[in-house]
Amino acid sequence: MRCRQVIDKISEYIDGELDPELVRELERHLQHCEDCRVVVDTTRKTVEVFCHTEPSPLPNDVRERLNQMFRHSFRKGEPN
Amino acid sequence: MPTHLDNEQSIVAAAQAGDSDAFVTLLNQYSRHIYRLGLSITGNHQDAEDVLQEASLKAYRAIAEFQGNSRFYTWLVRIAVNVALGKLRKRALWKESSLDEPREGEGGSYVPLEIESWGDDPEKACLHNELQQLLAEVIQKLDPKSRTIFTLRDVEKFTIEETAKLLGLSIPVVKTRLLRSRLKLREELTKYFGKDARNAMPTSHR
């Protein structure tokens, strides 16, 4: 497997969705290619940091306007 | 994907029976996630707030139709995505298909430029708020369709198939865009977290 093919398969590899034969080929390549090892590792970390980072609390003014909207809807007796 | 409430099923049932406080309890658990989702897709705070408000109201009005065969949060996200896509369509930032759509297997034409391992994990390298803001900024470097795909798959953890179905796109398009998005975001984050990063954090995040 060449570097370009490794890049092509990174997503499926880090998602564990790559065919086992291709996994073996890809990992053989990684053993002797430092650059691809770095790209695979940092791509995995990229996905992890997005998936693990909790969102900030809702800004106070946004929360207040949302509550206002609901108070208004509840007064009107929605949804019944 | 956020954790659900301990007794979520009974809270949903109460909301379906017309208990508005129960609905607000549900919404409070997920509103910041929906706001972030709206912000990721639309790229601006005003639209993100509109997405949150409109999706919440739609969910409130339709709660009786919620079948309970998926999580309440998943159901709410589906509603929010449709509202957010409506905003993008209005701004002509979303087309169902276009001639510049990448073909399957073209992801490899993306050549990584920043090849540098990362030092500390990002969670250790900066404060949570800084990291949250940085992630919100770098995701905006993707085009609207790519960042929507990335958000649904990698932030909200929908499967490739679910993401494709939600957005009315083919699976190859979703896979190719996801690959390119991950590689592009990797480049961007390496500028901050690479061992020899030129700018550990941008000035605005210090």
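Predicted model: local features only at pLDDT ≥ 70, side-chain atom pairs only at ≥ 80, totals over all residues.
**Notebook: chain B**

I started with contacts in chain B (C-beta atoms, placed from the backbone, within 7 Å): of those between residues at least 6 apart in sequence, 67% join residues at least 24 apart. Residues are numbered from 1 along each chain as its sequence is written, and chains are lettered from A, with ligands numbered from 1, in the order in which they are written.

Next I looked up the elements. I found nine helices and zero strands in chain B (DSSP runs numbered from the N terminus: helices are H or I with at least four residues, strands E with at least two).

Then I checked how α2(B), residues 20–42, sits on α3(B), residues 45–62: they pack at about 140 degrees, axes 8 Å apart. Axes here are lines fitted to C-alpha atoms over the stretch in contact, and angles run from 0 to 180 degrees between N-to-C directions. The pair is therefore oblique (under 35 degrees is roughly parallel, over 145 roughly antiparallel, 65 to 115 roughly perpendicular, the rest oblique). Residues making this contact include B:F23, B:L27 and B:I34 of α2(B) and B:V51, B:L52 and B:Y60 of α3(B).

Last, domains. I have domain 1 at 8–90 and domain 2 at 106–199 of chain B, with bounds from an automatic or database assignment. Their centres, over C-alpha atoms, are 24 Å apart. I see nine residues of domain 1 of chain B in contact with ten of domain 2 of chain B.

Key:
Contact = placed C-beta atoms within 7 Å.
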